[in-house]
Amino acid sequence: MQNTAAPPPKVEGQSRYAWLAGMLRARITEGDWVPGASIPAETTLAKEHGVALGTMRQAIALLVTQGLLERQHCRG
C-alpha cells in the first residue's frame with residue numbers, strides 16, 4: 001500500500017530525523033505497515049526518503065522508544 005497522505009509539516013527547529021519519524025509514524029498509523037509485519041530495510045527507506053542511513057536509523061530508534069516499532073535481532 002502506498003502512502004497517499006501529505007507528509008507532516010516540518011516545524012522550525014525540528015531535527016530531520018524527528019520529522020522523518022513523523023512521516024514513518026503516519027505510515028504506521030494509516031495502516032501501510034500492519035502490526036507484526038516487517039517494515040522495509042533501513043537502507044531502502046533511507047533511499048526512498050533521500051536521507052542518510054544514520055538519519056533513518058535515528059528516526060527508527062525514536063519510534064522504537066515510543067513503542068511504535070520493535071527491533072528484532074537476526075531478522076534482517
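**Reading a helix crossing**

Me: At what angle do the axes of helix α2 and helix α3 cross?

Reply: In this predicted model, the axes of α2 (residues 42–49) and α3 (residues 53–65) come within 9 Å and cross at roughly 110°. That makes α2 roughly perpendicular to α3 (angles of 65 to 115 degrees; under 35 is roughly parallel, over 145 roughly antiparallel, the rest oblique). Axes are lines fitted to C-alpha atoms, for helices over the stretch in contact, and angles run from 0 to 180 degrees between N-to-C directions. Helices are DSSP runs of H or I, at least four residues, numbered from the N terminus.

Me: Which residues meet there?

Reply: Contact means heavy atoms within 4.5 Å. From α2 come Glu-42, Thr-43, Leu-45, Ala-46 and His-49; from α3, Leu-53, Met-56, Arg-57 and Ile-60.

Me: Is Leu-45 buried or exposed?

Reply: Buried means under 20% relative accessible area, exposed over 50%, partly exposed in between (1.4 Å probe, protein chains only). Leu-45 is buried, at 0%. Leaving aside neighbours within four places in sequence, its contacts include Arg-27, Trp-33, Met-56 and Ile-60.

Me: How many residues are in the protein chain, and what share is buried?

Reply: The chain has 76 residues, 26% of them buried. There are 3 helices and 0 strands.

Me: What should I know about numbering and confidence?

Reply: Residues are numbered from 1 along each chain as its sequence is written. Local features need pLDDT of at least 70, side-chain atom pairs count only at pLDDT 80 or more, totals for chains, interfaces and linings use all residues, and side-chain values use heavy atoms, leaving out hydrogens and water.

Methods: Helices (H or I, at least four residues) and strands (E, at least two) are DSSP runs, numbered from the N terminus.
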